[in-house]
Amino acid sequence: MFTTKSHRNYNMKRYIQFYFPLMATILLLMTSCVNHPSVPSASSGSSMLPPIFPDYCNVTVPYNIAPLNFMLPADQYEECVARITSPDGKQQTYGNGVKVQMPEDEWRVMMAASKGKSLKVEVWGKKGGEWQSFSPFEIHVASAPIDEYVSYRLIEPSYVAWTYMEISQRNVTSFEETQIFNNDITATDREKGQCINCHSYQNYKTDNMLFHVRLSNGGTVIVNDGKPSMVDLKRDYTISGGAYPSWHPSAKLVAFAACKTRQAFHTANHNKIEVFDLASDIILYDVVTDSVSIVCNDTTTLEVYPTWSPDGKYLYYCKTVPLPEELRDKDIRSTYEKVQYNLCRRSFDIKTHKFGEEEMVYDAVSQDKSATLPRISPDGRYLLFAQGRYGCFHIRHSDGDAVCIPLGEQNPQPVDMTKFNSEGFADSYPTWSSNGHWIMCSSRRGDGNYSRIYFSYFHDGKVEKAFMLPQEDPEENIYRLLCYNRPEFMVEPVHVSVEEFSRVILK
């Protein structure tokens, strides 16, 4: 049992995180007036959809998603009532103040009856003492389930030093959120601080996984067959340790970018933060032999964000084109807007661990764009990635969007992603669910500062309207002043405890 100040602080945080929400829930239940209120007997009609938050109007969702709780704007309305009708004709009403919060058991019954069909939702809002009815909308319920878990790093939106951060996992079929790790318990050097990032899993499972620890007690925590250990990926012949990992789907191999990353802060730019590499290569780490080999290290270019094809036969990555000679020796803070990435790949022989020659997959630079964070669909048919005008860190670029193209076609036509992307806000870290029917991103839509998780249904090359990760209290999506960073799908939770990870890091 740890008895350090850090651990006592951690225990206090866990106490607050557990008991305060519990007490708030008990208080809410005690003060709730009616669980199933009556529909207003008289109201004025409106042809507009209700201005609910989050916007769940006419979305397509998995049948196993948690209740889509929502609210009307508290500064405009006094009360809200919703009536939900399932395809079998059964109805139920909800409303408590301006919020609509549905019990999980009742929601599951409605979703089971609606699989492959739709729920009808009618909303009334009370404003100035008068009730107003809105145009009904539907919640379409797909037959394809979503992976039960997602994980993400919770971090403040702007930072110049490492403070408290955590990697958490959320059961999306309920509202259960637990910590995978936090940096408070093992950050023994308070001046340097500690960053934790780049959580990654093999085939959406957690027996083989990893995450990075930077600065204080730095290294890479690797879980091999359920057993955690600390590894230093820096070798004499690499420019750094590993970053931006991707597990091979069948072998205990992890591709990384070895890079020298820097960040700069704007004083008069809506993008606020720039993250760029001074140098970067692609390396391959063998978990079994603890060996590191070079995949590509062209000194005139940058190579980042490796990702494997689902069959393990190709390694995709992002690569810059060389800067004009007159700019190569300039300070990158004056040239970062000229740095753009294409998507490339190399074939891989699992028996010899040898890579083939590089081939271009997507030419973004010729379009005056920069492509990063590639992910291949589980069926191998589509390439999903983030794109902006320049750079490799589009989560802070307002023009950042997700792009999806079919693979193996001569002149592939991009998938229409207008229902997935936002207008004028950063959308990044796009990724696939294990069955390929759901895509997810971290988006700053709404206020431009705090990134939230959004899902979309993907089928036959078509994308449906994106919807926000539901919360038990819809207001949490407003008042949780942390960003959801690098979301990843998982088919199971991480089983290694925070304490086990801590012992490995402090060893």
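Are E488 and R486 buried or exposed? Both E488 and R486 are buried, where buried means under 20% relative accessible area, exposed over 50%, and partly exposed in between (1.4 Å probe, protein chains only). The views below come from a predicted model, in which local features need pLDDT of at least 70, side-chain atom pairs count only at pLDDT 80 or more, and totals for chains, interfaces and linings use all residues. Residues are numbered from 1 along each chain as its sequence is written, and side-chain values use heavy atoms, with hydrogens and water left out.

View 1. Side chains of opposite charge can pair when their charged atoms come close. A salt bridge here is a side-chain nitrogen of Lys or Arg within 4 Å of a carboxyl oxygen of Asp or Glu. By this rule the model holds 19 salt bridges. E488 and R486 form one of them, at 3.4 Å from N to O. D427 and R445 form another, at 3.0 Å from N to O. That pair links distant parts of the chain, 18 residues apart. D427 sits in strand β29 (residues 427–432), and R445 in the loop between β30 (438–443) and β31 (452–459). Helices (H or I, at least four residues) and strands (E, at least two) are DSSP runs, numbered from the N terminus. D427 and R445 are both buried.

View 2. R480 and E476 join in a salt bridge of 3.5 Å, N to O. R480 is buried, at 16% relative accessible area. E476 is partly exposed, at 29%. Elsewhere, salt bridges link D298, K319, R346 and E358 in a network.

View 3. Rolling a probe the size of a water molecule over the atoms shows where empty space is left. The search uses a 1 Å grid over the protein atoms alone. A pocket is an open set of points with protein on both sides within 12 Å along at least five of seven lines, whereas a cavity is a set of points where a 1.4 Å probe fits but cannot get out. Lining residues have an atom within 4 Å of a point. Grid points are joined across faces, edges and corners, and a volume is the space filled by probe spheres set on the points. The second largest pocket has a volume of about 780 Å³. Its lining counts 34 residues, and C195, N197, R214, Y244 and T261 lie nearest the centre. Strands that each supply at least two lining residues include β13 (194–202), β14 (205–215) and β34 (483–490). β18 gives the largest share, six residues. By class, the lining has 19 nonpolar, nine polar and six charged residues. Ala, Val, Leu, Ile, Met, Phe, Trp, Tyr, Cys and Pro count as nonpolar, Asp, Glu, Lys and Arg as charged, and the others, Gly among them, as polar.

**View 4. The second largest cavity.** The structure has five cavities of 30 Å³ or more. The second largest cavity has a volume of about 100 Å³. It is lined by 14 residues, with V275, F276, Y336, G391 and C392 nearest its centre. Strand β19 (residues 273–286) gives the most to this lining, four residues. The lining of the second largest cavity has 10 nonpolar, two polar and two charged residues.

**View 5. Cysteines without partners.** A disulfide is a pair of cysteine sulfur atoms within 2.5 Å. The whole structure has zero disulfides. The sulfur of C296 is 8.6 Å from the closest cysteine sulfur, in C344, so it is too far for a bond. C404 is in no disulfide either, as the nearest cysteine sulfur, that of C441, is 13 Å away. C296 is buried at 5% relative accessibility. C404 is buried at 1%.

**View 6. The buried side of helix α5.** In α5 (residues 498–506), V498, F501, S502, V504 and I505 are buried. They lie on the same side of α5, because they cover an arc of only 165° around the axis. The arc is that of the directions from the helix axis to the C-beta atoms.

**View 7. Backbone details.** The peptide bond from F53 to P54 is cis, with omega near -10°. P54 is in the loop between β1 (44–45) and β2 (60–62). D290, not a glycine, has a positive phi near 55°. D290 is partly exposed, at 39% relative accessible area. Y429 also has a positive phi, about 50°, and is not a glycine. Y429 is in strand β29, and is buried at 10% relative accessible area.
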